[in-house]
Amino acid sequence: MDHPFPSAAWLAAFQEKLNQDQQYHEIAHNWEGDILFSIQADDSLEESTMMYLDLWHGTCRQARILEDGDIPKAAFELQAPYSNWVRILKGDLHPMQAMLTQKLKVKGNMTYMMRHVPTVLDFTRCAQEISQF
């Protein structure tokens, strides 16, 4: 299983995980909103990457790496340096703490996000389970 973050292989594995994970499907059944992941280059990542996930009622309808100029308007954008993403995916930084301390910047309806904390946490669990560094 070779799914280094961030990569097309990781994103494909993540989409498959979200779509096959019964717990995620049940917890996220009310979630409606697509997300942009903005992974910013830092000392450990040479080039910034953007990923798009179309999440709808516990399924991931689409997941893709974005090219320059191909940035859709999404309900949410999550933006952080690569090192902060890694800390979240390794479980060293709680995703809600990261959001509240601006280590993970959120553009979008934060009230909606806060009403769906269980979905956010289970989404993170799924990402953690397929990630390797």
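Strands here are DSSP runs of E with at least two residues, helices are runs of H or I with at least four residues, and both are numbered from the N terminus. Two strands are taken to pair if DSSP finds at least two bridges between them. By that criterion β2 and β3 run antiparallel and are joined by seven bridges. They form a hairpin with two residues between the strands, and H57 in the turn has a positive phi of about 50°.

Before I continue, a word on provenance. This is a predicted model, in which local features need pLDDT of at least 70 and side-chain atom pairs count only at pLDDT 80 or more, while totals for chains, interfaces and linings use all residues. Residues are numbered from 1 along each chain as its sequence is written, and side-chain values use heavy atoms, with hydrogens and water left out.

On its other pairing, β2 (residues 49-56) meets β1 (residues 32-40) in the antiparallel sense, over eight bridges.

Now the whole sheet. Five strands form an open sheet with mixed pairing, in the order β3-β2-β1-β4-β5. Its edge strands, each pairing on one side only, are β3 (59-66) and β5 (105-107). Neighbouring strands are turned by 15° against each other on average, direction ignored; axes are lines fitted to C-alpha atoms, for helices over the stretch in contact, and angles run from 0 to 180 degrees between N-to-C directions.

Helix α1 (residues 8-20) touches β1, β2 and β3, and its direction makes about 175° with that of β3. Helix α3 (residues 82-90) touches β1 and β4 (76-81), with an angle of about 105° to the direction of β4.

In α1, the buried residues are W10, L11, A13, F14 and L18. Seen down the helix axis, they fall within an arc of 165°, so they line one face of α1; the arc is that of the directions from the axis to the C-beta atoms. A8 and Q20, on the other side of α1, are exposed. The partners of the buried face include α2 (22-27), α3 and α6 (117-130).

Turning to α6, this helix has 14 residues and reaches 21 Å from first C-alpha to last, close to the 20 Å expected at 1.5 Å a residue; the expected span is 1.5 Å times one less than the number of residues. Among its buried residues are T119, V120, F123 and C126.

That last residue brings me to the cysteines. Which state do they adopt? The structure holds zero disulfides, a disulfide being a pair of cysteine sulfur atoms within 2.5 Å. The sulfur of C126 is 11 Å from the closest cysteine sulfur, in C60, too far for a bond. C60 is buried, with a relative accessible area of 4%, and C126 is buried at 0%.

Terms used: Contact = heavy atoms within 4.5 Å. Buried < 20%, exposed > 50% of the residue type's maximum accessible area, 1.4 Å probe, protein only.
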